[in-house]
Each structure stands twice: as structure tokens, then as C-alpha cells.
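Please look at the model shown here before reading the notes that follow. The briefing starts with terms and then goes through the structure by topic.

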Amino acid sequence: MDSGRPMQRPGGRSARVRADVHAAALDLLQKHQWEELSVPMVAEASGVHQATIYRRWGTMSGLLNDVVSEWSATDAALPDIGSLRDDLLAYAAAVAKPLQEQMVPLILRAVVMEIRPGEKRQPSASFLEREQQLQEMLDRAEARGEAVPTLAELLEIVVAPLYFHALFSEPLPVKESARLVDRLLDVVAQRA
């Protein structure tokens with residue numbers, strides 16, 4: 001199964017199965033090292049048959065990528081406040097806030113642990129979707145006549161430091177996300 005393909009957001013029984021499996025995986029991740037987790041463990045903890053988990057996610061990596069996709073789709077909504085600075089401040093704070101919680105960095109660390117040397121990697125569906133949404137936010141600001149950063153600048157100056165600190169150190173306080181946004185806007189102002 002291709003763990004990089006986007007999962008549908010089903011309703012009814014499928015949604016309950018997904019929620020139960022996600023909850024079990026997250027609970028187990030808090031109690032065990034990522035390397036110790038297995039589909040049979042998640043099946044037992046969730047009450048969902050192993051065959052269902054294998055059929056839907058294929059591997060623990062596929063399951064974890066779906067957990068990350070679900071989190072990123074629900075927890076860091078993109079604002080449309082009316083000015084680029086306000087939109088960026090709201091977005092950066094929305095990214096920084098869940099990184100303060102113990103669970104989100106655990107999920108992200110587990111994703112990083114799945115990276116194998118020499119393995120060709122493709123951006124996840126959730127990352128590609130988020131890139132598109134961020135570009136739309138920048139395009140709206142540009143249509144209003146504002147000077148905008150490139151998508152790469154936004155990712156490198158605002159988003160990457162938030163995740164870097166959460167993964168390898170202490171998460172940056174939410175208020176620090178405003179400093180990153182101001183640094184980004186300084187780059188844009190200097191270019192103009």
C-alpha cells in the first residue's frame with residue numbers, strides 16, 4: 001500500500017474505525033518507543049481487527065502518516081483575516097500552540113524515525129495540501145496589493161524553526177511565532 005497517498009475522510013463506521021485506531025496509536029505512542037509499536041498492538045488496543053488496519057493503512061508508517069494528516073488538517077487552519085501580517089500571525093500561532101503539547105512532537109519524532117537512508121522520499125499528501133493552502137493565503141495578500149514572501153521563505157523562516165525546536169529541543173513559546181513572522185516580513189520589506 002502506498003502510505004503517501006491521501007486517505008479519504010469517510011463518515012459512519014469508517015470514521016469510528018479511523019478514530020479508534022488513531023486514538024489507540026496515539027495512546028501507545030505515549031507508552032512505548034516508536035520502534036516497539038506494531039499493527040497487532042494497535043489492533044488489540046483499538047478493538048479493530050488487524051486485517052482492517054493492514055487493508056486501510058498497510059503499515060505503521062502509513063497509519064502514522066494518516067494521524068499526521070488528520071492533525072494537520074484540523075489543528076492549524078489557515079486564517080483569512082484581511083492582512084498578510086495578521087494572517088501570518090494567526091497561522092504561526094496555530095502551528096506553535098499544538099507543538100507545546102507533548103503528543104504532537106511525539107508524533108513528529110515518530111515520523112522522522114521512519115526515514116530510511118537512501119530511500120527516495122516524496123512529500124506527503126498533507127504537506128502538499130498545506131503548501132497549496134499557504135500559497136493561496138499569499139496569493140490573496142498579493143491580490144490585495146501587499147508585498148508577499150515566497151512560499152519557500154514562509155516555510156524556511158516561520159514554519160521550519162517551529163518544528164525544528166519542537167523536534168530537537170523545547171518548543172518555542174507561541175509568542176515567539178510573532179517574532180518569526182516579523183523576521184519574514186523584514187525580508188520582504190528589504191527586497192521591496
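Helices are DSSP runs of H or I with at least four residues, strands are DSSP runs of E with at least two, and both are numbered from the N terminus. F164 and F168 are four residues apart in helix α8, so about one helical turn separates them. This is a predicted model, in which local features need pLDDT of at least 70, side-chain atom pairs count only at pLDDT 80 or more, and totals for chains, interfaces and linings use all residues. Residues are numbered from 1 along each chain as its sequence is written, and side-chain values use heavy atoms, with hydrogens and water left out.

**Overall make-up**

- The protein has nine helices and zero strands.
- Along the sequence, the pattern reads α-α-α-α-α-α-α-α-α.
- Of the 192 residues in the protein, 40% are buried; buried means under 20% relative accessible area, exposed means over 50%, and partly exposed lies in between, with a 1.4 Å probe and protein chains only.
- Contact means heavy atoms within 4.5 Å. Among contacts between residues at least 6 apart in sequence, 68% join residues at least 24 apart.

**Helices α5 and α8**

- Helix α5 covers residues 84-99 and helix α8 covers residues 151-168; their axes come within 9 Å and cross at roughly 15 degrees. Axes are lines fitted to C-alpha atoms, for helices over the stretch in contact, and angles run from 0 to 180 degrees between N-to-C directions.
- That angle makes α5 roughly parallel to α8. Angles under 35 degrees count as roughly parallel, over 145 as roughly antiparallel, 65 to 115 as roughly perpendicular, and the rest as oblique.
- The crossing of α5 and α8 is right-handed; a crossing is right-handed if the near helix is turned clockwise from the far one by less than a right angle, and left-handed if anticlockwise.
- On the α5 side the contact has L88, Y91, A92, V95, A96 and L99, and these meet L154, V158, V159, L162, Y163 and A166 in α8.
- By class, this contact of α5 with α8 has 12 nonpolar, no polar and no charged residues. Ala, Val, Leu, Ile, Met, Phe, Trp, Tyr, Cys and Pro count as nonpolar, Asp, Glu, Lys and Arg as charged, and the others, Gly among them, as polar.
- V159 lies in helix α8 and counts as buried because its relative accessibility is 10%.
- Leaving aside neighbours within four places in sequence, V159 is in contact with Y91 and L154.
- V159 and A92 are 67 residues apart along the chain, and their C-alpha atoms are separated by 7.2 Å.

**Helices α5 and α7**

- The axes of α5 and helix α7 (residues 125-143) come within 9 Å and cross at roughly 155 degrees.
- The two helices α5 and α7 are therefore roughly antiparallel to each other.
- L84, D87, L88 and Y91 of α5 make the contact with R130, L134, M137, L138, R140 and A141 of α7.
- The contact of α5 with α7 has seven nonpolar, no polar and three charged residues.
- S126 is placed in helix α7, and its relative accessibility of 12% makes S126 count as buried.

**Helices α2 and α3**

- Helix α2 (residues 39-46) and helix α3 (residues 50-57) pack at an angle of about 120 degrees, and their axes are 9 Å apart.
- That makes α2 oblique to α3.
- The crossing in which α2 passes α3 is right-handed.
- V39, P40, V42, A43 and S46 in α2 meet Q50, I53 and Y54 in α3.
- The residues of this contact of α2 with α3 divide into six nonpolar, two polar and no charged.

**The aromatic pair**

- A pair of aromatic rings is described by the distance of the centres and the angle of the planes.
- Rings of Phe, Tyr and Trp (its six-membered ring) pair if their centres lie within 6.5 Å; planes under 30 degrees apart count as stacked, over 60 as edge-to-face, and the rest as tilted.
- The count by this rule is one aromatic pair.
- F164 and F168 form this tilted pair, at 5.1 Å centre to centre and with 50 degrees between the planes.
- F164 counts as partly exposed at 49% relative accessibility, whereas F168 counts as exposed at 57%.
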